[in-house]
Amino acid sequence: MADQYPAIILLAPLFAAIAVSLLGGRWGSVCLPIVLAALGLSLAVSVALLGQVAAGGEVVYKLGGWPRPFGIEFRIDPLNALLLIVVTTVSLLTAIYSIRAATTETPDKLPQFYTLFLLLVTGLLGMTLTGDAFNLYVLVEVASLTSYALIAMHSKRAVLASFNYVIMGTMGASFYLLGVGYLYIKTGSLNMVDIGEILRGSGLYGSKTILVALMLILVGLWIKMAFFPLHGWLPNAYAYAPSSTSCVLAPLVTKVTVYVMVRMMMTVFGPEYIFSFLEWSPIVVWMAVIAIVAGSIMALAQINLKKMLTYLIVAEVGYMVGGVWMANETAFVGAFYHVVSDAFMTLCLFLAAGAIIFQTGKHTIPEMEGLFRKMPWTMVGFTIAGLSMIGVPPTCGFFSKWYLISGAMEAGHWGYVVALLFSSLINAILFFRIFEVAYFPKFDPQEESAEEETTGRAGEPPATMLGPLLITAACLLLIGIFNQEIVTLIRQAVNTFGPIGFIG
Amino acid sequence: MKTLGAIAVIITGALLLYASEDFPSWGDPHSPANQYRVSSHYVQNSFGETSVPNMVTAILADYRGYDTLFETVVIFTAGIAIIAILRGPIDKRVRLRLASERKMRETNLILAQTSRILVPVIQLFALYVIAHGHHSPGGGFQGGVIFGASLILLALSFQLQTALDRVSEKKAVTLAAIGILIYAGIGFVCLLAGGNFLDYSALQVLMPVGAIEARSHGILGVEIGVAFTVAAIMFAIYANLSSHGRMKGGL
């Protein structure tokens with residue numbers, strides 16, 4: 001059975017989605033147990049698979065039993081094994097959170113919500129697992145279509161934001177597909193490893209078609225991951241989505257797309273083509289610097305809590321793209337460690353924001369007065385996430401920034417170092433402003449008591465919301481404490497990236 | 001904004017032209033896509049390995065069957081997405097108004113009688129296309145679309161309700177889910193029978209045929225699954241879009 005693990009990870013949510021859509025209409029109460037069981041199984045198998053990969057190296061799973069390059073295969077190395085755990089954990093925690101959130105936000109469409117939710121997770125897992133360039137496009141479509149629908153299920157504004165996302169997302173996917181088509185014209189293969197070998201072996205580095213293919217694929221993926229200035233769709237889509245939707249989309253979609261970019265760079269095109277032959281590293285790192293600064297400044301201008309968080313995602317995407325493109329091993333390790341830790345940081349922030357909005361009905365930062373007293377545990381989770389975003393040890397945010405900055409120093413890219421420090425400073429301003437507002441209650445005691453009567457729900461959110469939030473906050477500390485183990489795994493993968501590897 | 005868009009379009013177009021300079025010439029039998037071992041393997045061995053004369057079907061449903069499974073999931077997702085977005089709770093007032101609207105609509109005699117004759121023929125042809133995917137152009141997607149079109153014709157020439165009486169929206173979603181269940185289920189049975197996911201040759205333990213024939217039967221099974229999903233979702237999407245998600249009235 002152990003050699004079937006990769007398939008089981010993907011099949012559990014897929015079959016659960018079918019079961020929910022078949023049974024959910026008649027017996028609504030079976031949805032949730034199915035969702036939780038499937039995601040739990042997926043998580044357990046992902047952990048087992050990581051153990052397998054860490055011990056025995058790369059795992060290849062041939063779908064349909066066809067060997068490379070005739071069929072489609074899954075390829076699992078430590079990087080995507082880690083990401084599988086991140087995806088399943090985040091979606092499981094969000095599923096628990098959605099017990100209350102989804103029943104209030106989309107009460108009459110629960111079966112559809114959970115079907116789409118599970119298909120989204122299936123799509124993201126498939127994107128992470130696959131070793132085939134065209135198959136990746138199919139799973140990107142599954143993940144995108146479900147996200148469009150999940151966002152649009154909420155309100156009128158969400159429908160508009162989702163429409164915007166549909167247009168941008170379709171453009172991104174088309175660019176990617178066109179790029180894969182160009183690769184196929186020159187190589188005749190769709191398997192990622194196979195394309196990489198052909199590019200290296202048959203002297204295609206000078207080909208104009210391959211160059212344009214790389215540009216098309218990169219632009220497509222950058223649109224999908226909201227890399228500044230292609231981020232236009234993200235803030236509204238994530239801010240107006242139902243809270244359980246934004247909790248699963250915000251941490252996962254951008255991170256999985258960053259992973260896909262890594263796969264394309266390292267396996268398909270190869271580091272020697274991108275870093276030694278083209279020497280694009282400085283250009284893209286400077287683009288990342290602009291993304292970090294712009295994202296941080298735009299976050300500073302927001303008073304809506306969720307909107308502010310979405311602009312922070314834009315800045316964080318800049319961190320990861322910059323780190324990956326630094327052409328330096330330490331920076332790459334930092335970037336991928338940041339993929340893992342940022343998924344949990346974003347999840348923690350969105351869970352906390354969702355819980356606050358659910359309890360108080362208030363969306364803006366100035367309205368958050370006295371929250372530390374009303375919902376202390378929620379704010380504990382929010383504070384840990386905020387400190388991690390700023391980069392205070394021992395949270396994971398500190399370690400990822402540490403690796404990123406030391407990598408940038410090794411590579412001698414001081415612009416990126418300054419941008420990272422600048423963004424940490426902005427994060428400090430942003431979060432301490434919230435802490436200050438939330439720590440002190442309103443000055444006028446009469447006004448406050450009157451307000452508590454009108455809002456009705458005050459105090460801590462239900463346990464199904466608070467639990468995932470606190471578990472995520474604990475994860476932030478655990479990922480920080482066990483950073484050595486995670487970094488060892490990432491280094492194990494980096495060592496397989498080809499003969500030249502990284503400069504420096 | 002318009003200028004920005006124009007600049008982006010011009011740059012992209014220029015890049016595409018720049019890349020095409022390096023393309024192999026049109027229809028060149030020695031181009032990488034034609035010469036590399038993947039396509040030549042398919043051309044030379046697909047019948048021997050899958051016992052399916054139609055090479056396209058062999059690639060679509062077997063060599064790259066996993067892609068096709070998720071293409072089917074994409075169609076299913078599109079249907080669920082449209083239902084999730086458009087479908088709202090129908091309040092009584094709207095329902096009454098729509099009921100009165102319905103009375104006013106009359107069915108055209110010629111249209112109704114023609115489609116009454118056509119629909120069974122179309123559906124029979126759809127089944128033929130599905131079943132004949134092994135030997136001629138066709139298969140689950142094409143046959144499913146034709147079958148879905150027959151239901152849409154029914155709704156167009158009579159009323160949406162006429163078609164919904166035969167296949168309600170709930171039934172359509174159930175059928176679509178069953179389609180994916182058939183596809184993924186066959187794949188999973190392969191896994192239980194000792195092969196990898198979607199390795200139909202493992203089905204030989206359940207059938208009195210050899211490994212290669214088992215692949216051919218597996219392909220037919222998944223094509224039927226695809227047809228279920230495509231036909232049901234085609235109709236569900238039409239029903240939702242034509243009635244603004246109210247499932248009453250229609251075009």
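Residues are numbered from 1 along each chain as its sequence is written, and chains are lettered from A, with ligands numbered from 1, in the order in which they are written. Because the model is predicted, local features need pLDDT of at least 70 and side-chain atom pairs count only at pLDDT 80 or more, whereas totals for chains, interfaces and linings use all residues.

The contact between the chains takes 50 residues from chain A and 47 residues from chain B; two residues are in contact if their C-beta atoms, placed from the backbone, lie within 7 Å. On the side of chain A that touches chain B, at least two residues each come from helix H1 (5-23), strand S1 (59-62), helix H4 (110-129), helix H5 (133-152), helix H6 (156-187) and helix H8 (208-225). Helices (H or I, at least four residues) and strands (E, at least two) are DSSP runs, numbered from the N terminus. H5(A) gives the most to this side, with 11 residues. By class, the side of chain A that touches chain B has 28 nonpolar, 16 polar and 6 charged residues. Here Ala, Val, Leu, Ile, Met, Phe, Trp, Tyr, Cys and Pro count as nonpolar, Asp, Glu, Lys and Arg as charged, and the others, Gly among them, as polar.

Ile18(A) lies in helix H1 of chain A. Apart from neighbours within four places in sequence, Ile18(A) is in contact with Ala177(B), Ile180(B) and Leu181(B). Ile18(A) is buried, with 24 other C-beta atoms within 10 Å. A residue is buried if 20 or more other C-beta atoms lie within 10 Å of its own, exposed if 12 or fewer, and partly exposed in between, with C-beta atoms placed from the backbone.

Strand S1(A) runs antiparallel to S2(A), and 4 bridges join them; two strands pair if DSSP finds at least two bridges between them. Among the paired residues, Lys62(A) has Glu73(A) in S2(A) as its bridge partner. In a regular strand the side chains alternate between the two faces of the sheet. In strand S2 (residues 73-76) of chain A both faces are covered: Glu73(A) and Arg75(A) lie on one side, Phe74(A) and Ile76(A) on the other, and all are buried.

Two helix pairs were examined. In chain A, the axes of helix H3 (residues 78-105) and helix H21 (residues 483-494) are 8 Å apart, and the helices pack at an angle of about 135°. Axes are lines fitted to C-alpha atoms, for helices over the stretch in contact, and angles run from 0 to 180 degrees between N-to-C directions. H3(A) is therefore oblique to H21(A); angles under 35 degrees count as roughly parallel, over 145 as roughly antiparallel, 65 to 115 as roughly perpendicular and the rest as oblique. Pro78(A), Leu79(A) and Leu82(A) of H3(A) meet Ile486(A), Leu489(A), Ile490(A), Gln492(A) and Ala493(A) of H21(A). This contact of H3(A) with H21(A) has 7 nonpolar, 1 polar and no charged residues.

In chain B, the axes of helix H8 (residues 140-157) and helix H11 (residues 211-242) come within 7 Å and cross at roughly 30°. H8(B) and H11(B) are therefore roughly parallel to each other. Residues of H8(B) in the contact include Gly140(B), Phe141(B) and Leu151(B), and those of H11(B) include Val226(B), Met234(B) and Tyr238(B). By class, the contact of H8(B) with H11(B) has 15 nonpolar, 6 polar and 1 charged residues.

Most residues other than glycine have a negative phi, and most peptide bonds are trans. A cis peptide bond, with omega about 5°, joins Phe228(A) and Pro229(A). Pro229(A) is placed in the loop between H8 and helix H9 (234-240) of chain A. Phe228(A) is also among the residues touched by Val314(A), as are His231(A) and Gly295(A). Val314(A) is found in helix H13 of chain A and is buried, with 26 other C-beta atoms within 10 Å. The peptide bond from Pro393(A) to Pro394(A) is also cis, with omega near 5°. Pro394(A) is in the loop between helix H16 (376-390) and helix H17 (396-411) of chain A.

Ala327(A), which is not a glycine, has a positive phi near 60°. Ala327(A) counts as buried, with 24 C-beta neighbours inside 10 Å. Ser51(B) likewise has a positive phi, of about 60°, but counts as partly exposed, with 19 C-beta neighbours inside 10 Å.
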